[in-house]
Amino acid sequence: MRKFDWDDLQAFLAVVRAGRLTVAARKLGVDHSTLSRRIAGLEEAIGATLFDRRAAGYALTAEGERLVPDAEAMENLAIRIRSRQDDAAQGLTGSVRIGTPEAWGTYFLAPELKELSRLHPELEVELVANPRMFSISKREADIAVSMTRPEKGRLIARRLNDYELGIYAAPGYLAEHGDVTGRRQLEQHRWVGYIEDLMWSSELDYLGEISASLVPQIRISNVISQVQAVAAGIGLGVLPCFLARREPGLVRVLPGEISLTRSYWLLTHADARDLVRVQVVADFIVSRLAARGGDFWMDTA
């Protein structure tokens, strides 16, 4: 095998993660022709074709699939070495990207970033609060908050907190359609729920847990918008109690009979144990959550 440049492996990983040459080039800050030459140079050095060039994008060949874990191992080693040097020479610097569900990131973490910035003014923090799963292994985030604990992968998972969900409705809706006094009446009402094919975690299948016969007539992709729809009187909805309490007009339906519990998990890559900035931010999140009190996420009303 001919000698190859580490930059070519970085280019390779960028295309793997982006799927398209132009997107990867933009992320690396180079033009697509330069990136194409790097990929071609790596393939020549290794003596194998790594991608099938298709109109829809770049797809890995079998040789490309085999190269990915080795390239990521080299990337992780380079990150750890650079992190130790940066942390020792300059204090806590660099960038940390945090991927979270939209409600958790919006209502808990975003306000806490002020204190994090005060403690580490040179640290660059990116908060991506979207209704989706984040891949730590593909470097979509350095830290991810998930509703499920991963069963595979080189990840470190810490349980953050449990939270309660209940059925809520607007007073105006109940006045028009009648109070709900038992489970059997639930099927008679209009429901707000998730768009099934955009349900990014099986933990979001709340209605199925209450009754297999409940079908939402109004489907919305994120929980913050669902809260507003229920508050507007469209129908019943299963909402996190910590969000529903932010809408004073919402009424809990069958509180003593129906209660769901979910958990949040903090995920980091196993290779990030030597990245001081990642560990500091992860520890900060855990400590701030503890400081807010154990009943912050549970329904204390």
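Between which two strands is the loop in which Leu254 is found? In this predicted model, Leu254 is found in the loop that runs between strand S10, residues 251–253, and strand S11, residues 260–269.

**View 1. Leu254 in the loop between S10 and S11.** Although Leu254 is not a glycine, its phi is positive, at about 50°. The relative accessible area of Leu254 is 9%, and because buried means under 20% relative accessible area, Leu254 counts as buried.

**View 2. Glu257 in the loop between S10 and S11.** The loop that holds Leu254 also holds Glu257, which has a relative accessibility of 41% and therefore counts as partly exposed. Glu257 and Arg183 are 74 residues apart along the chain, and their C-alpha atoms are separated by 8.4 Å.

**View 3. The crossing of helices H1 and H3.** Two packed helices are described by the angle between their axes together with the distance between those axes. For helix H1, residues 6–18, and helix H3, residues 32–46, the axes come within 9 Å and cross at roughly 110°, which makes H1 roughly perpendicular to H3. The crossing of these two helices, H1 and H3, is left-handed.

**View 4. The residues through which H1 meets H3.** On the side of H1, the residues in the contact are Asp7, Asp8, Leu9, Ala11, Phe12 and Val15, and they meet Leu35, Arg38, Ile39, Gly41 and Leu42 in H3. Sorted by class, the contact of H1 with H3 is made up of seven nonpolar residues, one polar residue and three charged residues.

**View 5. The largest nonpolar core and a second, separate core.** The largest nonpolar core contains 58 residues, and those with the most contacts inside it are Ile143, Ile167, Leu186, Tyr206, Leu236, Val238 and Ile285.

**View 6. The whole protein chain, for orientation.** The protein chain has 10 helices and 11 strands, and its C-alpha trace spans about 75 × 45 × 30 Å along the principal axes. Of the 301 residues in the protein chain, 44% are buried. Among the contacts between residues at least 6 apart in sequence, 76% join residues that are at least 24 apart.

Notes: Residues are numbered from 1 along each chain as its sequence is written. This is a predicted model: local features need pLDDT of at least 70, side-chain atom pairs count only at pLDDT 80 or more; totals for chains, interfaces and linings use all residues. Side-chain values use heavy atoms; hydrogens and water are left out. A nonpolar core is a set of buried Ala, Val, Leu, Ile, Met, Phe, Trp, Tyr and Cys residues joined through side-chain atoms within 4.5 Å. Buried means under 20% relative accessible area, exposed over 50%, partly exposed in between (1.4 Å probe, protein chains only). Axes are lines fitted to C-alpha atoms, for helices over the stretch in contact, and angles run from 0 to 180 degrees between N-to-C directions. Helices (H or I, at least four residues) and strands (E, at least two) are DSSP runs, numbered from the N terminus. Angles under 35 degrees count as roughly parallel, over 145 as roughly antiparallel, 65 to 115 as roughly perpendicular and the rest as oblique. A crossing is left-handed if the near helix is turned anticlockwise from the far one by less than a right angle, and right-handed if clockwise. Contact means heavy atoms within 4.5 Å. Ala, Val, Leu, Ile, Met, Phe, Trp, Tyr, Cys and Pro count as nonpolar, Asp, Glu, Lys and Arg as charged, and the others, Gly among them, as polar.
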